[in-house]
Amino acid sequence: MLKALRPLAAHIEGFVDRIGALTAWIALVMIGLVATNVVLRYAFSFGSVWAQELEWHLLAALILLGMSHALQRGDNVRVDLFYARYSPALKRAVDVIGALLLITVSLLFIWLSLGYVEQSRSISEGSPDPGGIPLRWLVKALIPLGYGLLVLQQLAQLVRLLDTPLDSTRETGRV
């Protein structure tokens, strides 16, 4: 049965890769924006509330959209001091339990954030500062989207973990 899910897992991981490429562009835009804001502020004594808020919105997008890609690549933080000494079977068990816990927490974040986003959308929440960014609910909508991507990535990871024989598990525990 899990073999039948391999193409779906590959499709999910390809989608997460494309989102990861998008986050690289977001990071580049954010670096340019921060540099421009600093130059304008200190060289010309000119500041923009809108541009400063955009920095925070881009940071939120970078984190929330990039966390599934980081997890897919194995760039997440793990206590490798202990993990490296585990047998392949124990590594797999830790990875499966970790994936299930992360899916559970992510689903909880999605459920809790939907009302938060809807409330913001229903009142057309914008920046409280003059000249700030309107439609704040759009950036808040990145919360369930980011955690949804995390759920999808972990489901794809579970398919790979459970479908791969123990003897082919690499040292990092990723398959």
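Colleague: In which helix is Ser106 found?

Modeller: Ser106 lies in helix 4, residues 88-122; helices here are DSSP runs of H or I with at least four residues, strands are E runs of at least two, and numbering starts from the N terminus. This is a predicted model, in which local features need pLDDT of at least 70, side-chain atom pairs count only at pLDDT 80 or more, and totals for chains, interfaces and linings use all residues. Residues are numbered from 1 along each chain as its sequence is written, and side-chain values use heavy atoms, with hydrogens and water left out.

Colleague: Is Ser106 buried or exposed?

Modeller: Ser106 is buried, its relative accessible area being 0%. Buried means under 20% relative accessible area, exposed over 50% and partly exposed in between, with a 1.4 Å probe and protein chains only.

Colleague: Which residues does Ser106 touch?

Modeller: Leaving aside residues up to four places away in sequence, Ser106 touches Tyr147, Leu150 and Val151; contact means heavy atoms within 4.5 Å.

Colleague: Turning to helix 1, where does it bend?

Modeller: Helix 1 bends at Leu8, by about 25 degrees. The bend is the angle between axes fitted to the seven residues ending there and the seven starting there.

Colleague: What covers the buried residues of helix 1?

Modeller: The cover includes helix 2 (49-73) and helix 6 (142-163). Among the buried residues of helix 1 are Glu13, Gly20 and Asn37.

Colleague: And what follows helix 1?

Modeller: Ser45 does, with a positive phi near 50 degrees.

Colleague: How many helices and strands are there in the chain?

Modeller: The chain has six helices and zero strands.
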